[in-house]
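Here is a friendly briefing on a protein fold, written for someone meeting one up close. Keep the picture in view as you read.

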Amino acid sequence: MELTQVTDADFAEVVLKSDKPVVVDFWATWCGPCRQLKPVLEAIAAEHSEIVVVKLDVDQNQETAAAYNVISIPTVNVYKGGELVKTITGARPKAALEKELAEYLA
């Protein structure tokens, strides 16, 4: 399942106004660990319809990355009710990431 890309322009609409928790993968095309994390997030998105999983390219969307102090990638932020509620930095295996996201998964 290909993840939706968000941008500075639609971040508020897609992420902050969502009625579901949103997992945002802050990544870049040149980032090796980001590429490792991609299939993990795609699998989690496919298995958990109670959350929304999206990607934001930090090189093309520096405003949003800066607003949330993303200084290391990959960074996975969880937003609920328009608020940042969790930050996970670095690539993780699927089981480890699901454990960190457990409170947002059914």
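This is a predicted model: local features need pLDDT of at least 70, side-chain atom pairs count only at pLDDT 80 or more; totals for chains, interfaces and linings use all residues.

Residues are numbered from 1 along each chain as its sequence is written, and side-chain values use heavy atoms, with hydrogens and water left out. Helices (H or I, at least four residues) and strands (E, at least two) are DSSP runs, numbered from the N terminus.

- An open sheet is built from 5 strands in the order 1-3-2-4-5, with mixed pairing. Strand 1 and strand 5 (83-89) stand at the edges with a single partner strand each, so one side of each has no neighbour in the sheet.
- Two strands count as paired if DSSP finds at least two bridges between them. In general, strands of a sheet pair through backbone hydrogen bonds, either parallel or antiparallel.
- Gln 5 has Lys 55 as its bridge partner in strand 3.
- Strand 2 (residues 22-27) pairs with strand 3 in the parallel sense over 6 bridges, and with strand 4 in the antiparallel sense over 5 bridges.
- Strand 3 (residues 52-57) is mostly covered, with 5 of its 6 residues buried. Here buried means under 20% relative accessible area, exposed means over 50%, and partly exposed lies in between (1.4 Å probe, protein chains only).

**The crossing helix**

- Strand 2 and strand 3 pair in the parallel sense. The chain passes from strand 2 through helix 2 (residues 32-47) to strand 3, a right-handed β-α-β crossover.
- Right-handed means that, with the strands pointing away from the viewer, the path from the first strand over the helix to the second runs clockwise.
- Helix 2 lies across strand 2, strand 3 and strand 4, and runs at about 165° to strand 2. For such angles, axes are lines fitted to C-alpha atoms, for helices over the stretch in contact (heavy atoms within 4.5 Å); the angles run from 0 to 180 degrees between N-to-C directions.

**The disulfide**

- How many disulfides are there, counting a pair of cysteine sulfur atoms within 2.5 Å? The count comes to 1.
- That disulfide joins Cys 31 to Cys 34, with an S to S distance of 2.4 Å.
- The link of Cys 31 and Cys 34 is right-handed, with 80° about the S-S bond. Cys 31 and Cys 34 are both buried.

**Two buried residues**

- Asn 61 sits in the loop between strand 3 and helix 3. Is Asn 61 buried or exposed? With a relative accessible area of 6%, Asn 61 is buried.
- Leaving aside neighbours within four places in sequence, Asn 61 is in contact with Val 6, Thr 7, Asp 8 and Leu 56. The side chain of Asn 61 reaches the backbone nitrogen of Asp 8 at 2.9 Å.
- Leu 101 belongs to the segment after helix 4 (94-100), and it counts as buried at 1% relative accessibility.
- Not counting residues up to four places away in sequence, Leu 101 touches Val 23, Ile 44, Val 78 and Ile 88. The C-alpha atoms of Leu 101 and Phe 26 are separated by 16 Å, and these residues are 75 residues apart along the chain.

**The loop between helix 3 and strand 4**

- Pro 74 lies in the loop between helix 3 (62-67) and strand 4 (75-80). A cis peptide bond, with omega about 0°, joins Ile 73 and Pro 74.
- Asn 69 is in the loop between helix 3 and strand 4. Although Asn 69 is not a glycine, it has a positive phi of about 55°.
- Asn 69 counts as exposed, at 63% relative accessibility.

Notes. A disulfide is a pair of cysteine sulfur atoms within 2.5 Å. A polar contact is a pair of N or O atoms within 3.5 Å; within protein, one must be able to donate a hydrogen and the other to accept it, and residues adjacent in sequence count only if both atoms are side-chain atoms.
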